[in-house]
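User: Please take a close look at the pairing of charged side chains here, and go through it slowly, as I am new to this structure.

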Amino acid sequence: MRFVLPLQAQAMKGLNEKGNDLVLPRVKDKKPLLIAGPCSAESETQILSVAESLAAQKKVQLFRAGIWKPRTRPDNFEGIGEKGLHWLRRVQEEFGMPAITEVANARHTREALDQGLKYLWIGARTTVNPFSVQDIADALKGAPVTVFVKNPIHPDINLWMGAIERIQNAGVAHVGAIHRGFSTFRSSPYRNIPLWEIPIELQRRFPDLTLICDPSHIAGSRPLIPLVSQKALDLNMAGLMVEVHPNPEEAWSDAKQQLTPGHFHDMVDLLSVRSEHGSDDVFINQLEELRDKIDKLDEEILSALEVRLKMIEQIGQYKRQNNVTVYQIDRWNEILKTRAKMGGELGMDAEFVKKLMELIHVESIRIQTGIMQDPSQGQDPLSGQE
Ligand code: PEP
Ligand code: MN
């Protein structure tokens, strides 16, 4: 286990002098990094009360609270501002828990650094804006701090990577990432849909990055938080940032998604932390055997797809010769309907089968339009000439 936990005020003093003592977990560490605290700092009493409960539980490594809140609508609570930094200092000094807060511009960053904060995060609404991220990076230049970059509100992995790179390029001591889900127009049980494939791809591109999950902003409601948290750990994320409030119903922001300290405690006790690699030989052998079979099946799927795409090419030629459009809505509807039915009979999720067929269909259309527009195939239907 690679945490160095500054649990005492004494250790905290060391932290302020030396910079970061909390070594961020790598993906493969077994013990997850836990960050908890209210969505927003509301009063000194609220902050100290929740910090006291969390410190007594000895489960969290960092205490979170937002003091500058980028709210979507102007009539929402926009944060207590700079005076909240003094409350966070008290948390650090009195409970030995380093605090982390959100910075959304260079001024916030300077004020947080001046007050001795060693942990910061960049929120989803800031990650979308490279100018804002660069301003923060410039204000951070070489600072001995840890900065977590939340994903942008929409699913653009390059924007997320770009923000991480800007902070890394500023020479910041440690940079991590927080997956908090993505805005969507689709109706969904989540406040922000997780699209787990995006953080998984981010981790593939940055294998050493500490990637944690914020189940509170993904879930948006209390009952979903344990499920999202477990899923994040099952996907090998290195930790969780959870919103915890002494009296969630009365919270000034995100009231529906905050847990009481008691709920948080019970949830953490119920979470299973699995390891990336098992150590039991029988398990490893069985896993290898299953993986071999999967490798062969993937080969068969790809060969079948190759044959299917070759036929698409043939059909494309016929359509061109007979001046028929690439796309026929009736045929496409029939494919979707029959394949979903077939999939359903085989016990597969209909939505998955639909997505798979759509993917194949897009490729078929790409191949056939290529044939239609290929001048080496004789008459070019787009040119209107012989
Ligand atoms: C927050 O953590 O309170 C917050 C505002 O998060 P996000 O940037 O993910 O919306
Ligand atoms: Mn919040």
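Analyst: Glutamate 358 is partly exposed, with a relative accessible area of 32% (buried means under 20%, exposed over 50%, and partly exposed in between, with a 1.4 Å probe and protein chains only). This is a predicted model, in which local features need pLDDT of at least 70 and side-chain atom pairs count only at pLDDT 80 or more, while totals for chains, interfaces and linings use all residues. Residues are numbered from 1 along each chain as its sequence is written, chains are lettered from A and ligands numbered from 1 in the order in which they are written, and side-chain values use heavy atoms, leaving out hydrogens and water.

The partner of glutamate 358 is lysine 354, and the two side chains meet in a salt bridge at 3.5 Å, N to O (a side-chain nitrogen of Lys or Arg within 4 Å of a carboxyl oxygen of Asp or Glu). Because they stand four residues apart in helix H14, residues 350-372, about one helical turn separates them (helices are DSSP runs of H or I with at least four residues, strands are runs of E with at least two, and both are numbered from the N terminus). Lysine 354 is also partly exposed, at 35%.

Helix H14 holds another such pair, glutamate 363 and arginine 366, which are three residues apart and so again separated by about one helical turn. Their side chains form a salt bridge at 2.9 Å, N to O; glutamate 363 is partly exposed at 26% relative accessibility, whereas arginine 366 is exposed at 52%. Elsewhere, Glu44, Arg90 and Glu94 are joined into one network by salt bridges that share partners.

Side chains of opposite charge can pair when their charged atoms come close. Across the whole structure, a search finds 19 salt bridges. One of the pairs links arginine 222 with glutamate 249, whose closest N and O atoms are 3.4 Å apart. Arginine 222 lies in the loop between helix H9 (215-219) and helix H10 (225-234), and glutamate 249 in the loop between strand E8 (239-243) and helix H11 (261-270), so this pair ties together parts that are 27 residues apart in sequence. Arginine 222 counts as partly exposed, at 22% relative accessibility, while glutamate 249 is exposed, with a relative accessible area of 59%.
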